[in-house]
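Please read it alongside the sequence and the structure.

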Amino acid sequence: GFYYHFEHCDTIRDKEHKFSKFFADNLGISTIYNMRVNHCTDSFGLVIEGASGWKIVYSGDTSLCEKLIEEGKGATLLIHEATMEDCLQHEAVARQHATTCDALLSGKRMGAYRTILTHFSMRHQRFPVADFIEPTTEASSYNNAMVAFDLMSINLKHLPVLPLLMPLIVRLAKEDLKK
């Protein structure tokens, strides 16, 4: 039959662990490890490096996190939560989540080639349209970002064109807000 086996997050840091060996042997992943991020107890970000040189960083739930930025240096792709709009900075700090600016700034500071923003609060807009229509932060000069949407799938070879889709996504979101 089918069963689940749970491992503690720390075991994924051991390159000799059976999961690490499986990833390397079957998926072309040379390194996979996690780090604690700024959220509740046992919240982790994840770094996955491919044998061919790519690097994907996933933030998990976190506020702006220096450890994530450090571990993610030179990432090919950063997938970062952006739960709160920039105008809700105080709420983001209180709930230990990132704003759009925090996520973009993380990508910019780690030198990520592309950043995908995800985990938008359903209590607010579907995604922070205003933060892209009228960018006013230091992160706004970082134009290598895209917003995630349900069932989104990206092939790494398509990363170069990802930012070209943002104006269309923003336009569609603005039209949707008018309804």
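Glu-66, at 46% relative accessibility, counts as partly exposed, a class that lies between buried (under 20% relative accessible area) and exposed (over 50%), with a 1.4 Å probe and protein chains only. The model is a predicted one, in which local features need pLDDT of at least 70 and side-chain atom pairs count only at pLDDT 80 or more, while totals for chains, interfaces and linings use all residues. Residues are numbered from 1 along each chain as its sequence is written, and side-chain values use heavy atoms, with hydrogens and water left out.

**Salt bridges**

Side chains of opposite charge can pair when their charged atoms come close. The structure holds three salt bridges, the term being used for a side-chain nitrogen of Lys or Arg within 4 Å of a carboxyl oxygen of Asp or Glu.

| Pair | N to O distance |
|---|---|
| Glu-66 and Arg-109 | 2.5 Å |
| Arg-36 and Asp-42 | 3.0 Å |
| Glu-71 and Lys-67 | 3.1 Å |

Glu-66 forms a salt bridge with Arg-109, and this pair links distant parts of the chain, since Glu-66 belongs to helix α2 (residues 66–71) and Arg-109 to helix α4 (residues 100–110), 43 residues apart. Helices here are DSSP runs of H or I with at least four residues, strands are runs of E with at least two, and both are numbered from the N terminus. Arg-109 is partly exposed, at 35% relative accessibility.

Helix α2 also holds both Glu-71 and Lys-67, which are four residues apart, about one turn of the helix; Lys-67 is partly exposed, with a relative accessible area of 44%. In the pair of Arg-36 and Asp-42, Arg-36 is partly exposed at 44%, and Asp-42 is partly exposed at 47%.

**Nonpolar patch**

Phe-2, Tyr-4 and Phe-6 make a nonpolar surface patch of about 520 Å². Patches are made of residues with over 30% relative accessible area and no salt bridge, like charges being joined within 9 Å and nonpolar side chains (Val, Leu, Ile, Met, Phe, Trp, Tyr) within 5 Å; accessible areas come from the Shrake-Rupley method with a 1.4 Å probe, and for residues only the protein chains shown count as cover. Phe-2 lies in the segment before α1 (18–27) and is exposed, with a relative accessible area of 71%.

**A loop residue**

Met-152 is placed in the loop between β6 (145–147) and α6 (166–178), and at 22% relative accessibility Met-152 counts as partly exposed. Leaving aside neighbours within four places in sequence, Met-152 is in contact (heavy atoms within 4.5 Å) with Ile-116, Met-146 and Val-147.
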